[in-house]
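Good morning, and thank you for coming. Please have the sequence and the model in view while I speak.

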Amino acid sequence: MSSAESQVTQGIDLSGLVGAMVESYQSLARLKHIDAGHLPSRDKVIELIRELRHLIYPGFFGRQNLKTHELEKHVGEMLKDVHDRLYDQVRSAIRHHQQRTGDNTCADCDVTAAAVTAEFMGRLPELRRVLATDVEAAFDGDPAAGSTDEIIFSYPGFFAITVYRIAHELHVQKVPLIPRIMTEYAHNLTGIDIHPGATIDEFFFIDHGTGVVIGETCLIGKHVKIYQGVTLGATSTRDVEQLRGAKRHPTIEDEVTIYPNASVLGGGTVIGRGATVNGNVFITQSVPPHTRVSVKHPEIIYRNRPPREFTQDYSVGRT
Amino acid sequence: MSSAESQVTQGIDLSGLVGAMVESYQSLARLKHIDAGHLPSRDKVIELIRELRHLIYPGFFGRQNLKTHELEKHVGEMLKDVHDRLYDQVRSAIRHHQQRTGDNTCADCDVTAAAVTAEFMGRLPELRRVLATDVEAAFDGDPAAGSTDEIIFSYPGFFAITVYRIAHELHVQKVPLIPRIMTEYAHNLTGIDIHPGATIDEFFFIDHGTGVVIGETCLIGKHVKIYQGVTLGATSTRDVEQLRGAKRHPTIEDEVTIYPNASVLGGGTVIGRGATVNGNVFITQSVPPHTRVSVKHPEIIYRNRPPREFTQDYSVGRT
Amino acid sequence: MSSAESQVTQGIDLSGLVGAMVESYQSLARLKHIDAGHLPSRDKVIELIRELRHLIYPGFFGRQNLKTHELEKHVGEMLKDVHDRLYDQVRSAIRHHQQRTGDNTCADCDVTAAAVTAEFMGRLPELRRVLATDVEAAFDGDPAAGSTDEIIFSYPGFFAITVYRIAHELHVQKVPLIPRIMTEYAHNLTGIDIHPGATIDEFFFIDHGTGVVIGETCLIGKHVKIYQGVTLGATSTRDVEQLRGAKRHPTIEDEVTIYPNASVLGGGTVIGRGATVNGNVFITQSVPPHTRVSVKHPEIIYRNRPPREFTQDYSVGRT
């Protein structure tokens, strides 16, 4: 800023505001995180996802041109790095959670964090096996896919599923905060909102994906395919406290396809094996296996519309 | 690039293209910004949002492990930093706007920018008070919320509301360009598109949020809750010039809930206090207070669908 | 990590896991990219988009305060930089594609990459001319637009169209992987999913945009305007292999407007010149020119809803 410019603002006195802000920090309990220990860092959790992606898809992301003979050394380094980053964040999350619930000693926190981290790391090969089924499902499910490489590189649905499967492993181990930070990061990037608590089996494919919502207590089988704008949600959110923990979201059995912008709602709703739910269907009841559910689309009205004026109306049925 | 590789491209002659590009820069008025002064920087506006988030939610973002005794010093530094960044961008935006409208002297621009910045800074404690009500509304409204910390850390709806409330303060003071850059940044990250001109009262909650559109002239009361895919929009956008400035978007009174993918359209449409608009409702008329509006969902058609062939059709009513 | 903390984890033995990961890398063909050559880098493709945006909209992004007398030198440098970055990525993509299809010599790959890059660069002035029509369409189409600068700076629809038009030029030249990485990057940021293979004429405007899907084989005319949640998609994706390459997505003629959340599906569906498709319409049939298509919205049901209990039901028709 030039000296001429700074003259306009140099006299600004922020001292009164400092006091008001300090008072605000101390008084609003919901927004207060002063004198508390370390929290997990959203930025570091996001870096961790990047590193995990390098580890899970070597050669596609991160270091290029990887050769077999150097693989072992490279993997060893990546595993150590991911392990340490994950331990650090899990430990912060567990310590923070214990403090919030009144346990300030947190005697077992570090041991628990180490055990959770080790358990997660040990599951990485199985995680890769399942993600390979998801790539296959995407290639088999999308006529626009040029190659499986294209899917790994650029498909938002595949990215969201990768992050969900990572987050779910941590959710299962009851790690606080981090799973949701992870899936909301994927939600940011893809518009696909999968709660880390959802249970999703192999060969899962989400095409386009923007607007997809998959609720916390969903159960989803193998070879399920869903499109943009699909909500697998709850029917009502009244009596919120009573609903915490209850099964509020549907069950989708194996080999079900759900087309764009359909809503399937309710904890007791089961879409049976091999069923298809067509676009824009809104359903709160169970569907038997091997059934195609479509909506009788509302009548369409055609009106003649010469540029900038309307003259004639006629309505025709829609087949 | 190795020398072998560069042989392929080293002969490339871009000189003809330089002339064509310069001509293109000079001739297309809509895309021209040569010989003009400073514009606000999108990247710097985004950094400013990050800094404001550190200031508004200390301990959650930015510096960790903040203690009471150092709070005053830390707040003072953050306030100064945010103030200077904001002044810089507001000044650029005002100067740019004046130049575009033919005022090249811009005699009062710096003084106006300083006054706008000071006014904004002074409203920060009140902004925090209102945002604390939004956190509370999110926790009370979502059975999947594990804690209020989780909401502050990871809920996209809460992030979009934070950015909207910041941008709205600048919009009210008629700052050009910056409010929209801010809300479109949140739109990028969350899929939630709130125009900075909308007026939204306390205890506002958006769940999931992808696809939400809240138009420029909406009026929204207290304790309103909306879900993914809800549009609060205009009925038509013909005669664009005539519509600039008019009330084109609905009024939502206190304690209204609007479920996923509903559209509420029109400047004269009022959703009365305590009303509920169910999922997928498309409405262009006012709704009386304490009314639940649902749509008679179209008939659903079930067809037997043995794998890869269809044999039998039957249609059943939907309750 | 302090020494006390590291005691908890220092004994961790990851050596068993290294072997399991190496085995996993070698065995899952879909996720394997070891001993293969360079792939394009997603991060570098994204940087390239940023540089192209500086080149296409000078003064708005990148270097500020550009003067006429320095324009030629600045453009020359930018062109060279973009050219070299693009050549590098196109070359990797072509080489990778040839290797995947069994051609390891790739004799013509570098020459092809150079030719593709030169062709792309030469089309930049025309690309700018077309993008200027898109800015104009956005300003003319949106009553909330304060200025064309605001559109260039912050409108997600305009960003998505910019990236699509860049990616489409590369798609036409059959560059593998990169076009889709580009459009999926825009999809990440905007929620607007335009396949690089779609053909879209001048004066195109997408308002709000979240949830928009424009399929690979769409043909879209001049002065077309679409809103958030619109799908221009396929009717079915069964028999995926048979569908690769077929026209599966609709044709939208000149001067068509499609309002929010409408779905227009099918490769044989043509929306005639000057037609309007209203919000929430779901259509799989052609529409004649100058016709307004609306849906007979399903009956709305109003129920009295005193706070926390329901007493009375009544149903009224909807005009």
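How many residues has helix 4 of chain C, and how far does it reach from its first C-alpha to its last? It has 33 residues, 68–100, and spans 47 Å, close to the 48 Å expected at 1.5 Å a residue. That expected span is 1.5 Å times one less than the number of residues. Helices here are DSSP runs (H or I, at least four residues), strands are E runs of at least two, and both are numbered from the N terminus. After helix 4 of chain C comes C:G102, whose phi is positive, near 95°.

A word on conventions. This is a predicted model, in which local features need pLDDT of at least 70 and side-chain atom pairs count only at pLDDT 80 or more, whereas totals for chains, interfaces and linings use all residues. Residues are numbered from 1 along each chain as its sequence is written, chains are lettered from A and ligands numbered from 1 in the order in which they are written, and side-chain values use heavy atoms, with hydrogens and water left out.

I turn to the arrangement of the chains.

Next, the interface of chain C and chain B. Here 80 residues of chain C are in contact (heavy atoms within 4.5 Å) with 71 residues of chain B. The buried area, that is, the accessible area (1.4 Å probe) lost on being put together and summed over both parts, is about 6900 Å², and carbon and sulfur atoms give 57% of it. The rule finds four salt bridges across this interface, each a side-chain nitrogen of Lys or Arg within 4 Å of a carboxyl oxygen of Asp or Glu. B:R100 and C:D149 meet in a salt bridge at 2.5 Å, N to O. On the side of chain C that touches chain B, helix 4 of chain C gives the most, with 11 residues.

Finally, chain A and chain C. Their contact takes 81 residues from chain A and 71 residues from chain C. Four salt bridges are found across this interface. A:R50 forms a salt bridge with C:D43, the closest N and O atoms being 2.9 Å apart. Helix 4 of chain A gives the most to the side of chain A that touches chain C, with 12 residues.

Technical notes
Buried area is the accessible area (1.4 Å probe) that two parts lose on being put together, summed over both.
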